[in-house]
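Trainee: Could we go through this model together? I would like to begin with a loop and then move on to other parts.

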Amino acid sequence: LQEGTVSAENTAKIQKTMMNMLNAFNERDVESTLSKFYFDDNFLSYGIDGSKISNREETRRHLEDYFGKFEEIELEVVWSKVTVYRIMATFVGECTLKSRDNAQSNPIPMRLTAVLRDVNDRWKINRLHFSTDALTQAASGYLMTL
């Protein structure tokens, strides 16, 4: 692919992949969520709880555990930016995680960073990272002590 020639088309495909993954997540559909990922030796994800995930089965267990903890769960993107470079792309978004556990609702602002790869003309997520203000503040506090 030449940079810039199909950028708008790729941007739309990447946004659709990410929205389809989030819709599957919100519907608690483990298999559909997993189908949006590209699992290879370089796969890496950090879950919403900060846990490191490096393959399909760990991702499956993480999703099943997470879905089992909440009566309701919804991850909504409120802003995003896509950058495409040849067969790789990044998706950066500001999100809100809305969950309900035992009648308590806890909206959490988050950032979502994904690296996608073009696999046979389909964009798949190869790296995924969620971060919250609490994690960012903890990391900043730690770095300031060094």
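**A loop, a helix and a pocket**

Mentor: Let us begin with Asp-121, which sits in the loop between strand 6 and strand 7. Please keep in mind that this is a predicted model.

Trainee: What is the phi of Asp-121, roughly?

Mentor: Asp-121 has a positive phi of about 65 degrees, although it is not a glycine.

Trainee: And is Asp-121 buried or exposed?

Mentor: Asp-121 is exposed, its relative accessible area being 54%.

Trainee: Which loop holds Asn-120?

Mentor: Asn-120 also lies in the loop between strand 6, residues 108–119, and strand 7. Its phi is positive too, at about 55 degrees, and Asn-120 is not a glycine.

Trainee: Why does Asn-120 count as exposed?

Mentor: Asn-120 counts as exposed because its relative accessibility is 74%, and the cut-off for that class is over 50%.

Trainee: Changing topic: how many residues does helix 1 have, and how far does it reach?

Mentor: Helix 1 covers residues 7–26, which makes 20 residues. From its first C-alpha to its last it reaches 28 Å, close to the 28 Å expected at 1.5 Å a residue.

Trainee: Which residues of helix 1 are buried?

Mentor: The buried residues in helix 1 are Asn-10, Thr-11, Ile-14, Thr-17, Met-18, Met-21, Leu-22, Ala-24 and Phe-25. They lie on the same side of helix 1, because they cover an arc of only 165 degrees around the axis.

Trainee: Which residues are exposed on the other side of helix 1?

Mentor: Ala-8 and Lys-16 are exposed there, on the other side of helix 1.

Trainee: What follows helix 1?

Mentor: Arg-28 follows helix 1, and the phi of Arg-28 is positive, near 60 degrees.

Trainee: Now the pockets. What volume does the largest pocket have, and which residues line it?

Mentor: The volume of the largest pocket is about 180 Å³. Its lining consists of Lys-13, Lys-16, Thr-17, Asn-20, Ser-35, Lys-36, Asp-121, Arg-122, Trp-123 and Lys-124. Two elements, helix 1 and strand 7 (122–132), each give two or more residues to that lining.

Trainee: Which element gives the largest share of the lining?

Mentor: Helix 1 does, with 4 residues.

Trainee: And how is the lining of the largest pocket divided by class?

Mentor: By class, the lining has 6 charged, 3 polar and 1 nonpolar residues. Asp-121, with which we began, is one of the lining residues.

Key
Residues numbered from 1 in each chain as written. Predicted model: local features only at pLDDT ≥ 70, side-chain atom pairs only at ≥ 80, totals over all residues. Heavy atoms only, no water. Expected span 1.5 Å × (residues − 1). Buried < 20%, exposed > 50% of the residue type's maximum accessible area, 1.4 Å probe, protein only. Arc of directions from axis to C-beta. 1 Å grid on protein atoms, 1.4 Å probe; cavity = no way out; pocket = protein on both sides within 12 Å on 5 of 7 lines; lining within 4 Å. Points joined across faces, edges and corners; volume = space filled by probe spheres on them. Nonpolar A, V, L, I, M, F, W, Y, C, P; charged D, E, K, R; others polar.
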